[in-house]
Amino acid sequence: MTASMVSVCTSASKAATRGTGPTRATGPCAYPSFASYVRARQPVLLRTARSLTANPSDAEDLLQTALTKTYVAWDRIEDHRALDGYVRRALLNTRTSQWRKRKVDEFACDELPEPEVTPAGDPAEQQVLRDAMWRAIMKLPARQRAMVVLRYYEDLSEAQTAEVLGVSIGTVKSAVSRALGKLREDPELTPVR
């Protein structure tokens, strides 16, 4: 007798002694025909259970529950040739009950978890800002302008900018710093700040 079969017979015997199962359950398995059925069909039924669950351990538990239900109803099953269908139906019904009872991981809360959406600005105002920024950038010396465009519009790193322009990284850092200082002081960008 396999371990799961022993456990099915034991749990069903306990159910029977409580009055919910067959009254003639006295030993570890009161129905020798049930024990031989489980021994012969367990691998096939386990494959069916595995098709209903993703976890192999859950499939074994599911089969165990279905076999327990079958054992409890053993003397009421008239056609023992249709046992596979009975057990499969028990597997499916048990799995459906588990789905219905599953815990839902949604909780009510006072605040919404979604971030607040900031309203998009007026497209005309955004265009005015872009135009003002480009006019301010065009006032910069050519080398500083090139570094600002590569760093912030082309999104290159300091090392990539230095490589493109053939200068050191320190030169890029200092030139960009000076250019940003000039942009901060540009009178055309003052209303934006």
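**Exercise 1. Find the helix that holds T94, and decide whether T94 is buried or exposed.**

Solution. T94 belongs to helix α4, residues 83-101, where a helix is a DSSP run of H or I with at least four residues, numbered from the N terminus. The relative accessibility of T94 is 6%, so T94 counts as buried, a word that means under 20% relative accessible area, with exposed over 50% and partly exposed in between (1.4 Å probe, protein chains only). Apart from neighbours within four places in sequence, T94 is in contact with L62, T65 and K69, contact being heavy atoms within 4.5 Å.

The model is predicted, so local features need pLDDT of at least 70 and side-chain atom pairs count only at pLDDT 80 or more, while totals for chains, interfaces and linings use all residues. Residues are numbered from 1 along each chain as its sequence is written, and side-chain values use heavy atoms, leaving out hydrogens and water.

**Exercise 2. Describe the aromatic pairs that F34 forms with Y71 and with W74.**

Solution. Rings of Phe, Tyr and Trp (its six-membered ring) pair if their centres lie within 6.5 Å, and planes under 30 degrees apart count as stacked, over 60 as edge-to-face and the rest as tilted. F34 and Y71 are 5.0 Å apart centre to centre with 65° between the planes, an edge-to-face pair. This pair links helix α2 (residues 32-52), which holds F34, to helix α3 (residues 56-72), which holds Y71, 37 residues apart. F34 and W74 are also edge-to-face, at 5.2 Å centre to centre and 80° between the planes. Because W74 lies in the loop between α3 and α4 and F34 in helix α2, the pair ties together parts that are 40 residues apart in sequence.

Key:
Helices (H or I, at least four residues) and strands (E, at least two) are DSSP runs, numbered from the N terminus.
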